[in-house]
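Here's a quick tour of a single chain, written for someone who likes to know the cut-offs. Have the viewer open as you read.

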Amino acid sequence: MIQKELVIVGGGPIGIACGLEAKKIDLDYLIVEKGTIVNSLFNYPSNMQFFSSSEKLEIDQIPFISKEAKPKRNEALEYYRRIVTSNDLKIQLFEKVQHIEKDHQDQFIIKTDKQTYKAKFVIIATGFYDIPNTMDIPGENLPKVAHYYKDPHFYAMQKLAVVGASNSAVDAALECYRKGADVTMIVRGPEIGRRVKYWVKPDIENRIEEGSIKAYFNSTLKEVKQDAIIVSTPDGEVRIENDFVLALTGYKPNFSFLEKIGIQLSDDGKFYPQYDQQTMETNIENLFLAGVICGGMDTHLWFIENSRIHAKMIMDRITHKLSAQVS
């Protein structure tokens, strides 16, 4: 068993920010990440452009220089990787935390698929990109259905259905259309999502209006077949020839992991975790949350730009606790 003062679960931007703050106060910390550095960003679409400008993605006031005002995925990967390597942050990659519990000494035992750690403090900064919101319909498990989108070239000359109307769905629909895919969008609501990037929204609306991209509004995907999809529309069921389905219906945090640890979640369907908004400490003493995971199902509440402050708030609380122990 490896002893640490602090274990940070998650090596995304906010987990990295927590590591930087821990280093400043000379805390014996370790970041444990189940994938690569900023794993969620790595799994974003290849050509993705952030909604935020580069300065809003900065952590610890380290300048983020990009070619455009709003950086792209590859620039973000370079930025955060260089922060980790240049600051020699202590991080274990491709190591998945399986369970966290307290022992009789009020210390946390953190079990991973490779090692066991013991720590006085734990920060969970695991984001929300790992578990897709499923449609729970027949055929969803067919190989032609994907909940993650990477590159438009794959869908060239194919009949593609894109489910959803968020930024990810709109980006995928436009990119695939421009690479030669026959794109049909299936949107649960009456219009394209209002939070879609303002410079992209007119583009998708114009492509739909001119008929380049077909769209069914107030509609849901009912069934996926090998060569077709069945869509429920206001005018009844429609069968559409289909090769691939991109179900970009959003993602959610690993609530079962939080519950297993003992973090209390709200019972209103939003699953907001319980934490002190001033210190980020949960209902479990010395266990903290940071980043988008704080928003439960409302994954749009927290971003890098407004949750990077969590790292400093947590370290202030830990510093106070350690000072109280000494005195």
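## Surface and overall build

What does the accessible surface of the chain come to, and what share of it belongs to carbon and sulfur atoms? The total is about 15,900 Å², with 49% belonging to carbon and sulfur; areas come from the Shrake-Rupley method with a 1.4 Å probe, and for residues only the protein chains shown count as cover. Bear in mind that this is a predicted model, where local features need pLDDT of at least 70, side-chain atom pairs count only at pLDDT 80 or more, and totals for chains, interfaces and linings use all residues. Residues are numbered from 1 along each chain as its sequence is written, and side-chain values use heavy atoms, leaving out hydrogens and water.

The chain has 8 helices and 17 strands (DSSP runs numbered from the N terminus: helices are H or I with at least four residues, strands are E with at least two). Its radius of gyration is 22 Å, close to the 20 Å that the globule rule gives for 327 residues, so the chain is as compact as a globular protein of that length. That radius is taken over C-alpha atoms, and the rule is 2.2 Å times the number of residues to the power 0.38. The C-alpha trace spans about 70 × 40 × 35 Å along its principal axes.

Of the 327 residues, 51% count as buried (under 20% relative accessible area; exposed is over 50%, partly exposed in between, with a 1.4 Å probe and protein chains only). Among contacts (heavy atoms within 4.5 Å) with a separation of 6 or more, 61% come from residues 24 or more positions apart.

## Around β6

Strand β6 (residues 116-124) has 7 of its 9 residues buried, so it is largely enclosed by the rest of the structure. Strand β1 (residues 2-9) runs parallel to β6, joined by 7 bridges, and Val7 sits opposite Val122 there. For strands to count as paired, DSSP has to find at least two bridges between them.

Strand β5 (residues 108-112) goes antiparallel to β6 over 4 bridges. Strand β17 (residues 287-289) is parallel to β6, with 3 bridges and Ile123 opposite Phe288.

## An open parallel sheet, and a hairpin

Five strands line up as β8-β15-β9-β10-β11 in an open sheet with parallel pairing. At the edges are β8 (145-146) and β11 (214-216), each pairing on one side only. Inside that order, β9 (residues 159-163) is joined to β10 by 5 bridges, with Val162 opposite Met185.

Strands β12 (residues 220-224) and β13 (residues 228-233) pair antiparallel over 4 bridges. They form a hairpin with 3 residues between them, and Glu223 has Ile230 as its bridge partner.

## Two loop residues

Lys72 lies in the loop between α2 (39-42) and α3 (73-86). Is Lys72 buried or partly exposed? Its relative accessible area is 32%, so Lys72 is partly exposed. Setting aside neighbours within four places in sequence, Lys72 contacts Asn47, Met48, Gln49 and Phe50. Ser54 is 18 residues away in sequence and 9.3 Å away in space, C-alpha to C-alpha.

Trp199 is in the loop between β10 (182-186) and α5 (201-210), and is partly exposed at 30% relative accessibility.
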